Amino acid sequence: QVDKDGKLVKIADTGLAMWVPSVMVEGELTEEDVNNGSICYLAPVDDSASVNIFTWGENMDLVGLVKYYAGNGVDDAEIVVINGIKAVMAGDEENDCIVIDYPMENGSVLEFSFCPASDEDFAQVALLMASSIQEAK
C-alpha cells in the first residue's frame, strides 16, 4: 500500500510540476551539484531511494534522445506522453534507475531519475510521481 499523502511541487523554473510524497525530503545541493546541472534531489530520510532532477546535453530532441540511448546500449528507450507532454522514458540498468527525459526549448534535457528501479515498493511510488509530471500552473 502506497501512502498517497503529498503535494504538487513546482520544479524550479522548468515550467513543470510533480507530485512529491510527504516521505520524500529535499536534499541540499552543493555548488558543484548545481554547476553539474542538478536542480533538485529528493529522498526519504533513510536515503533508501532517490529522485534526481537535473539538466544535461545540448541540441537534443525526442528522436535524438532515443538514438542517444540506443547508441549507449539502452534498448528500451521510447517516446511517451505524460499529461500531454512528450518525453523519453528509458531504463538505466547500470545505475538501477528509470529515467524520464524532457527536451527543453534551449536544446538541453531535463531528466527525472528514479532509483532504485529494482525496489518494488519504490517502483510504485516512482510510478505515481512520474505519472504526475505536468505543466506548472
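In the largest nonpolar core, which has 26 residues, the members that touch the most others are Met 18, Val 51, Tyr 102, Phe 112 and Phe 114. At least two residues of this core come from each of β2 (16-21), β4 (38-44), β5 (50-56), β6 (78-82), β7 (85-92), β8, β9 and α3 (120-131). The largest share, five residues, is supplied by α3. The model described here is a predicted one.

**Nonpolar cores**

- In soluble globular proteins, nonpolar side chains tend to be buried together.
- Beyond its neighbours within four places in sequence, Phe 112 is in contact with Ile 11, Leu 16, Met 18, Asn 52, Ile 53, Ile 98, Val 99, Ile 100, Tyr 102 and Ile 133.

**The largest pocket**

- The space in the largest pocket is about 320 Å³.
- Its lining consists of 15 residues, and those nearest the centre of the pocket are Tyr 69, Asn 72, Val 74, Gly 91 and Asp 92.
- Elements that each supply at least two lining residues are β5, α2 (62-71) and β7.
- Sorted by class, the lining comprises six nonpolar, six charged and three polar residues.

- Ser 108 sits in the loop that runs between β8 (97-103) and β9 (109-115).
- Ser 108 has a relative accessible area of 12%, so it is buried, the cut-off being under 20%.
- A polar contact of 2.7 Å links the side chains of Ser 108 and Asn 106.
- When neighbours within four places in sequence are set aside, Ser 108 is in contact with Trp 56, Gly 57, Glu 58, Tyr 102 and Pro 103.

**Backbone features in loops**

- Cys 115 and Pro 116 are joined by a cis peptide bond, with omega at about 0 degrees; Pro 116 belongs to the loop between β9 and α3.
- Asp 47, although not a glycine, has a positive phi of about 60 degrees, and its position is in the loop between β4 and β5.
- Asn 59 is likewise not a glycine and has a positive phi of about 55 degrees; this residue is in the loop between β5 and α2.
- Asn 59 is classed as exposed because its relative accessible area is 70%, where the cut-off is over 50%.

Technical notes: Residues numbered from 1 in each chain as written. Predicted model: local features only at pLDDT ≥ 70, side-chain atom pairs only at ≥ 80, totals over all residues. Heavy atoms only, no water. Helix = DSSP H or I, 4+ residues; strand = E, 2+ residues; numbered from the N terminus. Buried < 20%, exposed > 50% of the residue type's maximum accessible area, 1.4 Å probe, protein only. Polar contact = N/O pair within 3.5 Å; in protein donor to acceptor, adjacent residues only side chain to side chain. Contact = heavy atoms within 4.5 Å. Core = buried A, V, L, I, M, F, W, Y, C linked by side-chain atoms within 4.5 Å. 1 Å grid on protein atoms, 1.4 Å probe; cavity = no way out; pocket = protein on both sides within 12 Å on 5 of 7 lines; lining within 4 Å. Points joined across faces, edges and corners; volume = space filled by probe spheres on them. Nonpolar A, V, L, I, M, F, W, Y, C, P; charged D, E, K, R; others polar.
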